[in-house]
Amino acid sequence: MKPTFTTELVTDEQAFAALAPAWGRLYQRCASATPFQSHAWLHSWWLSYGRRGRLRLLLVRDGGELVAAAPLMAVRRPLPALVPLGGAISDYGDVLVDDEQGEHAVAALTEGLAAAARTALIDFREVRPGGAVEQVYERWHGPRRRVSDSVCLELPAVPMDELVARLPSAKAQRVRAKLRKLTALGVERQVVCPEEVDSALRRLLELHQLQWQGRKVTGEHLRTRFCEHLVRSVGPMVRSGDAVVTEFRLDDDVVAVDLTLLSRRLAGGYLYGAHPRLRERKADVAVMLLDACAEHSRSGGRAALSLLRGNEPYKHHWRPEPVVNQRLLLARRRTAPLLSAVVCDVAARRRGKELLLRLEQRRERDGGGRS
């Protein structure tokens with residue numbers, strides 16, 4: 001017998017808070033979910049970054065049990081749209097769908113989204129390939145478009161020695177020497193217990209600010225609202241197994257702290273802070289962090305160790321696989337012009353970046369010819 005589902009659009013912040021137990025059960029039944037779709041992360045993000053009157057949580061229930069959820073908010077600029085909660089500090093955006101309910105839950109969620117959209121575009125940013133919202137995209141009856149979003153670099157979720165074995169022999173030898181150096185220095189690491197997570201995260205942010213002093217840094221990471229969000233969200237995530245905080249000690253002092261986020265399919269190194277004295281002592285911080293992250297990622301049957309968003313050159317030393325997040329745009333017929341405007345804007349920005357890259361390459365060639 002085909003199940004009968006009910007849909008509800010929640011706009012009340014207190015109701016969002018009360019959803020934690022049901023949301024947690026649904027999260028566990030959605031294999032594609034990432035930590036950025038956990039209730040602890042999203043609700044905390046809303047408390048730090050949400051704007052009154054903008055909350056839009058579309059819920060699908062089977063009886064009293066939550067079987068699908070789309071955590072969204074309404075924005076008015078640059079165009080009226082429904083966008084995922086989590087914003088720029090979240091590496092993946094998605095919905096939650098109970099794997100056991102399959103296409104029926106997806107159908108109910110899709111219909112609910114079409115009704116909730118009204119005169120707004122639905123704009124899902126940073127969807128990891130295989131995300132649950134791809135099922136909604138496939139069922140969508142109105143105008144839709146898929147464009148590329150950020151690049152995430154991923155490694156297999158294997159022990160550190162296997163990651164090193166993937167490298168060319170000379171580079172692998174250098175990494176092994178760096179690991180021996182860490183041991184010789186006496187760098188020790190310890191997973192932080194849930195009761196000490198809050199103070200460890202504050203130390204992480206202090207070290208993060210110290211390591212970037214005098215250099216270009218992501219300004220949001222230095223703001224009070226980000227600190228409050230991180231401290232508020234990660235404690236519950238550690239207790240539920242969705243995050244792990246690791247401290248690194250040298251001469252009995254905490255010289256680095258790392259935050260790794262965990263889900264059923266991947267582990268991702270989210271943020272760290274490291275004291276400059278580590279580099280002064282010739283400790284390779286990137287090797288130290290990857291060694292710890294690899295240890296966390298190989299448990300639980302995970303397939304990937306994600307270096308998350310960013311195409312920085314140092315990440316390529318490990319020969320990762322580029323995985324391109326998707327931006328899924330869903331419109332109704334009356335909002336099709338909004339979709340077209342976004343697609344044109346994306347294309348224009350891409351052409352602009354390509355032009356700047358060519359200009360930089362030309363300057364480098366010209367400069368090289370004069371030297």
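Is Q326 buried or exposed? Q326 is buried, with a relative accessible area of 15%, where buried means under 20% relative accessible area, exposed means over 50% and partly exposed lies in between (1.4 Å probe, protein chains only). The views below start from this residue and then move on to other parts of the model.

This is a predicted model, in which local features need pLDDT of at least 70 and side-chain atom pairs count only at pLDDT 80 or more, while totals for chains, interfaces and linings use all residues. Residues are numbered from 1 along each chain as its sequence is written, and side-chain values use heavy atoms, with hydrogens and water left out.

**View 1. Q326 in strand β13.** Q326 sits in strand β13, residues 321–330; helices (H or I, at least four residues) and strands (E, at least two) are DSSP runs, numbered from the N terminus. A polar atom of the Q326 side chain lies 3.1 Å from the backbone oxygen of V324. Contact means heavy atoms within 4.5 Å. Leaving aside neighbours within four places in sequence, the contacts of Q326 are F124, R125, E126, V127, R146, V147 and D149.

**View 2. T110 in helix α4.** Here we look at T110, part of helix α4 (residues 102–117). T110 has a relative accessible area of 7% and is therefore buried. Not counting residues up to four places away in sequence, T110 touches V136, R139 and W140.

**View 3. The crossing of α7 and α11.** Two packed helices are described by the angle between their axes and the distance between the axes. In this view, the axes of helix α7 (residues 169–185) and helix α11 (residues 285–297) come within 10 Å and cross at roughly 85 degrees. Axes are lines fitted to C-alpha atoms, for helices over the stretch in contact, and angles run from 0 to 180 degrees between N-to-C directions. The two helices, α7 and α11, are therefore roughly perpendicular to each other; angles under 35 degrees count as roughly parallel, over 145 as roughly antiparallel, 65 to 115 as roughly perpendicular and the rest as oblique. On the α7 side, V175, K178, L179 and L182 make the contact, and on the α11 side V287, M288 and D291 do. These residues divide into five nonpolar, no polar and two charged. Here Ala, Val, Leu, Ile, Met, Phe, Trp, Tyr, Cys and Pro count as nonpolar, Asp, Glu, Lys and Arg as charged, and the others, Gly among them, as polar.

**View 4. Strand β2 and its partners.** Strand β2 (residues 55–62) is largely enclosed by the rest of the structure, because six of its eight residues are buried. Two strands pair if DSSP finds at least two bridges between them. With strand β1 (residues 6–10), β2 pairs in the antiparallel sense over five bridges, and T7 stands opposite V60 in β2. With strand β3 (residues 65–75), β2 pairs in the antiparallel sense over eight bridges, and L57 stands opposite P71 in β3. The hairpin of β2 and β3 has two residues between the strands, and in this hairpin G63 takes a positive phi near 70 degrees.

**View 5. Helix α3 and its cover.** Helix α3 (residues 39–49) is mostly covered, with nine of its eleven residues buried. Among the buried residues of α3 are H39, W41, W45 and Y49. Their cover includes α1 (13–18), α2 (20–28), β2, β3, α9 (224–240) and β11 (266–274).

**View 6. L210 in helix α8.** L210 belongs to helix α8, residues 197–211. At 31% relative accessibility, L210 counts as partly exposed. Not counting residues up to four places away in sequence, L210 touches H275 and P276. L210 and R363 are 153 residues apart in sequence, and their C-alpha atoms are 34 Å apart in space.

View 7. Most residues other than glycine have a negative phi, and most peptide bonds are trans. The peptide bond from R77 to P78 is cis, with omega near 0 degrees, and P78 has its place in the loop between β3 and β4 (81–84). D252 is not a glycine, yet has a positive phi of about 70 degrees. D252 lies in the loop between β9 (243–250) and β10 (253–262), and is exposed, with a relative accessible area of 71%. K282, also not a glycine, has a positive phi of about 65 degrees. K282 is found in the loop between α10 (276–280) and α11 and counts as exposed at 64% relative accessibility.

Terms used:
A polar contact is a pair of N or O atoms within 3.5 Å; within protein, one must be able to donate a hydrogen and the other to accept it, and residues adjacent in sequence count only if both atoms are side-chain atoms.
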